[in-house]
Amino acid sequence: MREILIKPELYKFKAFEEFAQEFKLGKEDLVLTNEFIYTPFMKASNLECTYIFQEKFGAGEPSEEMITDIFNAIDENSYKRIIAIGGGAIMDLGKLLSLKRTGSVHDLYFKKVDVVKAKTMIAIPTTCGTGSEVTNISVAIVKDEAGKTTKLGLVSDQIIPDVVCLIPDLLKTLPFKPFAASAIDALIHAVESYLSPSRATLTSEQFGVRAMEMILEGFRKIGEGGPEERFTLLDEFVTASCYAGIAFLQAGCATVHAMSFPLGGTYHVPHGESNYALFGKVLEKYDAIKPDGKINEFKKLIARILGCRPEDALNALAALEEKILHLKPLREYGFKQEDIGLFADSVLKNQQRLIINSYVPLTRELIVEIYSECY
Ligand SMILES: NC(=O)c1ccc[n+]([C@@H]2O[C@H](COP(=O)([O-])OP(=O)(O)OC[C@H]3O[C@@H](n4cnc5c(N)ncnc54)[C@H](O)[C@@H]3O)[C@@H](O)[C@H]2O)c1
Ligand SMILES: [Fe+2]
């Protein structure tokens, strides 16, 4: 069994200019980013590379239409390296721009065409959540065969970036709320991979545990010192989210992500927030259904990090998270009673790659229970 996969070369730089010099950015480079990241960090360098801004193609997370428009706007022969500088959405779009265009975006996500790498990709995260810079997944909002909108992951080792550069300085402009939501997303990656029943390994666990320690220690400091405290912790957070990405690339994400995808796809809830809305309840169910398994180790681990008793660990974790981001019921995101059954069906139909990593078997009944209790 594979113990771990860490494919990209990993670099760390103090500032964008240092990275641009080391990698000799120039004419044959395509940089995908946002204008509000380009202006403060890249504009002054006056480089010859081509910049494209995601927001010119629509707002929010990648969708089938957005990707198609980007493909239409950028000639696939016009660049040799793709450099994605942004949040998970930019990273996931960058991965698609590193591929040969073998068919429509729909065909790509529904596995009707081959995934073939064509360009060198450099990934530079400016949030501290997805870990997408090291993973083999690109997530997009797509329409399934029934015409229903959901989020799907395109999974292939062909889309793992070749180089990752961590530049904590780039997170300085990230507002507190997306910072918090993305950090909780990374925490959930670490936890879901730690509890993954058949794919977790000793090595994936080390990355997951260290990520949990760094993120929770950071949350404790922010809880005490206030949101401004994060500026002293950007290196820790961007490194921890990368570790969590390495952990879940091996061991997988599970129930929280599977159940959050239809929510994100339908109501455009930011990824970290839609996961957070379900996370606490999922852990509670795991603990109630199978209290004697790995969840016990998990509670001991959280108790050690937070300085509480293992039996209080889940409550202490929820209380600490509440200091960082207010937990809202699903209905405040637009979720309706009738979605409970529809989303349960969508999860079972579209998210099998995640469901198989669930700590307890994920039945329709259990999904309905969790959505109902989070409603
Ligand atoms: N591929 C994977 O392995 C993987 C894993 C988890 C999630 N995802 C995907 O990643 C996306 C979520 O990523 P995310 O949480 O990073 O959110 P995001 O990419 O949507 O970014 C959050 C917000 O912060 C803004 N932003 C990002 N960096 C900034 C900066 N430095 N300064 C100012 N604003 C900044 C973005 O424009 C956006 O509005 C979703 O599309 C999700 O499906 C992918
Ligand atoms: Fe995630």
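Which residues have the most contacts inside the largest nonpolar core? Select Met-212, Phe-219, Leu-283, Phe-298 and Tyr-371: those are the ones, in a core of 84 residues. (A nonpolar core is a set of buried Ala, Val, Leu, Ile, Met, Phe, Trp, Tyr and Cys residues joined through side-chain atoms within 4.5 Å; buried means under 20% relative accessible area, with a 1.4 Å probe and protein chains only.) Before going on, note that this is a predicted model, where local features need pLDDT of at least 70, side-chain atom pairs count only at pLDDT 80 or more, and totals for chains, interfaces and linings use all residues. Residues are numbered from 1 along each chain as its sequence is written, and side-chain values use heavy atoms, leaving out hydrogens and water.

Next, zoom in on Met-212. Skipping neighbours within four places in sequence, Met-212 is in contact (heavy atoms within 4.5 Å) with residues including Leu-187, Tyr-194, Phe-298 and Ile-305.

Last stop: Asn-34, in the loop between strand 2 (29-33) and helix 2 (35-41). (Strands are DSSP E runs of at least two residues, helices H or I runs of at least four, numbered from the N terminus.) Is Asn-34 buried or exposed? Buried, at 7% relative accessible area. Show its side chain: there's a polar contact with the side chain of Gln-54 at 3.3 Å, and another of 2.9 Å with the side chain of Glu-55. (A polar contact is a pair of N or O atoms within 3.5 Å; within protein, one must be able to donate a hydrogen and the other to accept it, and residues adjacent in sequence count only if both atoms are side-chain atoms.)

Notes:
Chains are lettered from A and ligands numbered from 1 in the order in which they are written. Buried means under 20% relative accessible area, exposed over 50%, partly exposed in between (1.4 Å probe, protein chains only).
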